[in-house]
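Subject: Structure handover

Hi,

Here is the structure for you to look at. Please keep it open while you read the notes.

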Amino acid sequence: MIGLKGTLNVIDNSGALLIECVNVLKQKVNNGWGSVGDEIVCVVKRARPVSGQTSASAAKVRQGDVRRAVIVRTRKAVRRPDGRYIRFDDNAAVLLNNKREMLGTRIGGVVSADLRMKGWGKIVSLAPKMSLSITQKPGSK
Amino acid sequence: MFNSFRKCTQRLMSTATQPYPFSSVAMVSAPPPTPALEGLKAGKGLMPYLRQRLLSPEKLELLARFGRRHPERILPGSVLQVTSKHAPTAFTGVLLGIRRRGADTSVLLRNVINRTGVEVQFAVCSPNVKDVKVLMRAGGRGSEGRAGKRMRRAKLFYLRDSPDKMTAISAGMR
C-alpha cells in the first residue's frame with residue numbers, strides 16, 4: 001500500500017537510494033494505493049554521489065529527479081491466488097524510464113514473484129532470486 | 001453424547017475394503033456412506049459431520065498436527081519447510097504463529113533472504129500445499145541458550161524486530 005509520500009528503497013544500480021512516491025499510475029481501484037507491480041511517479045530523495053566520469057553502468061540519477069518506478073516489495077501482505085500472503089520487511093522499487101524500461105542494469109535484492117503476473121518479467125529475470133524459490137535456512141544471509 | 005455420535009458416524013463413513021468370506025483375493029468395497037442420517041437431516045451434529053467430510057484424510061492429519069491437543073503438535077518457534085505445488089516450490093521459515101480456524105487454518109513463516117525479511121502465510125488445507133516438514137522443533141536441540149529456551153508466546157511477532165534472535169534460531173539449526 002504505497003501512496004503519496006510513501007518512501008521506498010531502490011534496489012537497482014541506477015544510483016538512487018531512497019525515493020518518495022508522488023502519484024500511483026493507472027489506479028482506478030484500490031483507492032489510489034500502489035502495490036507490487038504498480039507503476040508510480042516518484043521523487044529521488046537520496047542518491048549515491050555521482051562521480052565526474054561516466055562509468056560503464058547505467059545512467060545515474062540525481063537527488064531531486066522525478067522519475068517513474070515499479071514497486072517490487074511491500075510491507076503490506078499481497079495475496080496470491082492460492083491463498084498465500086507474502087509480506088516483506090521493507091518497501092522497494094526499481095526505477096524506470098517513461099517507456100517502462102529499467103534504468104539500472106542489475107537488481108540487488110529479492111523481488112516479489114507477483115511481478116511476473118503483472119507483466120514485469122524482465123525485472124524478475126534480473127533479480128538474484130525470486131521470492132520463495134530458494135530453500136535457505138532462516139536467518140542466513 | 002456428541003462424542004459417541006461422532007464415533008458412530010466415523011465408522012459408518014469408513015470406505016475401507018471389507019473381507020469377502022469366500023475368497024481371499026476378491027475385495028468388496030464398503031457401501032458408500034449413507035448421508036441421510038435422521039439426526040443430520042434435522043440438523044443435529046451437522047458441523048462435526050462437515051468437519052470430518054470436508055477435507056481429505058491427509059489434510060485432516062496435517063490439520064491435527066497444528067492443533068492444540070496433538071501429542072506431537074507443532075509449536076511456534078519451530079522451523080518448517082512448506083512445499084507447494086505451483087509457483088516457487090519450497091519455503092523454509094520460522095513459525096511465527098498459527099491461526100486456527102478449522103479448515104481455514106493458516107500458518108505464518110518468516111525467513112530472512114538476502115538481508116530482507118520475508119513472511120509468508122500458508123493456508124494449511126489448500127490443495128496447493130503439498131507437504132509440511134518440521135526441520136527443527138521449537139526449543140532447539142538440547143539447551144543452547146536462546147535457541148534452546150521454549151518460546152513463551154503463541155505469536156512470535158517480536159522476532160520481526162530482533163534479528164539477533166532470528167540468527168540464534170538459525171544457529172541452533174546448523
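The notes below cover the conventions, the two chains, and then the side-chain details.

**Conventions**

This is a predicted model, where local features need pLDDT of at least 70, side-chain atom pairs count only at pLDDT 80 or more, and totals for chains, interfaces and linings use all residues. Residues are numbered from 1 along each chain as its sequence is written, chains are lettered from A and ligands numbered from 1 in the order in which they are written, and side-chain values use heavy atoms, with hydrogens and water left out.

**Chain A**

Chain A has seven strands and two helices. Helices (H or I, at least four residues) and strands (E, at least two) are DSSP runs, numbered from the N terminus. The order from the N terminus is β-β-β-β-β-β-β-α-α. Chain A has 141 residues, and 50% of them are buried. Buried means under 20% relative accessible area, exposed over 50%, and partly exposed in between (1.4 Å probe, protein chains only).

Contacts here are heavy atoms within 4.5 Å. Of the chain A contacts with a separation of 6 or more, 56% join residues 24 or more positions apart. Areas come from the Shrake-Rupley method with a 1.4 Å probe; for residues, only the protein chains shown count as cover.

**Chain B**

Chain B has five helices and seven strands. Its pattern along the sequence is α-β-β-α-α-α-β-β-β-β-β-α. Of its 174 residues, 39% are buried. In chain B, 49% of the contacts with a separation of 6 or more are between residues 24 or more positions apart. The accessible surface of chain B is about 10700 Å², with 55% belonging to carbon and sulfur atoms.

**Salt bridges**

The whole structure holds 14 salt bridges over all chains. The criterion is a side-chain nitrogen of Lys or Arg within 4 Å of a carboxyl oxygen of Asp or Glu.

One of them pairs Arg100(A) with Glu39(A), with the closest N and O atoms 3.7 Å apart. Arg100(A) is in the loop between strand E7 (92-96) and helix H1 (114-117) of chain A, and Glu39(A) is in strand E3 (residues 39-47), so the bridge ties together parts 61 residues apart in sequence. Arg100(A) is partly exposed at 36% relative accessibility. Glu39(A) is buried at 6%.

Another is the salt bridge between Arg87(A) and Glu119(B), at 2.6 Å from N to O. This pair crosses between chains: Arg87(A) sits in strand E6 (residues 85-88) of chain A, and Glu119(B) in strand E6 (residues 116-123) of chain B. Arg87(A) is partly exposed, with a relative accessible area of 25%. Glu119(B) is buried at 2%.

Glu119(B) also forms a salt bridge with Arg110(B), at 3.1 Å from N to O. Both of these residues are buried. Which residues make up the network of salt bridges? They are Arg87(A), Asp89(A), Arg110(B), Glu119(B) and Arg160(B).

**Cysteines**

How many disulfides does a search of the whole structure find? Zero, over all chains. The cut-off is a pair of cysteine sulfur atoms within 2.5 Å. For Cys21(A), the closest cysteine sulfur is in Cys42(A), 7.5 Å away, which is too far for a bond. Cys21(A) is buried, at 1% relative accessibility. Cys125(B) is buried too, at 14%.

**Thr105(B)**

Thr105(B) lies in the loop between strand E4 (90-99) and strand E5 (106-113) of chain B. Thr105(B) is buried, at 4% relative accessibility. Its side chain reaches the backbone oxygen of Gly102(B) at 2.5 Å. Leaving out residues up to four places away in sequence, Thr105(B) touches Leu63(B), Ile98(B), Arg99(B), Arg100(B), Phe122(B), Ala123(B), Val124(B) and Cys125(B).

**Surface patch**

Tyr20(B), Phe22(B) and Val28(B) form a nonpolar patch on the surface, with about 340 Å² of accessible area together. Patches are made of residues with over 30% relative accessible area and no salt bridge; like charges are joined within 9 Å, and nonpolar side chains (Val, Leu, Ile, Met, Phe, Trp, Tyr) within 5 Å. Val28(B) lies in strand E2 (residues 27-29) of chain B. Val28(B) is partly exposed, at 39% relative accessible area.

Best regards

Definitions and conventions
A polar contact is a pair of N or O atoms within 3.5 Å; within protein, one must be able to donate a hydrogen and the other to accept it, and residues adjacent in sequence count only if both atoms are side-chain atoms.
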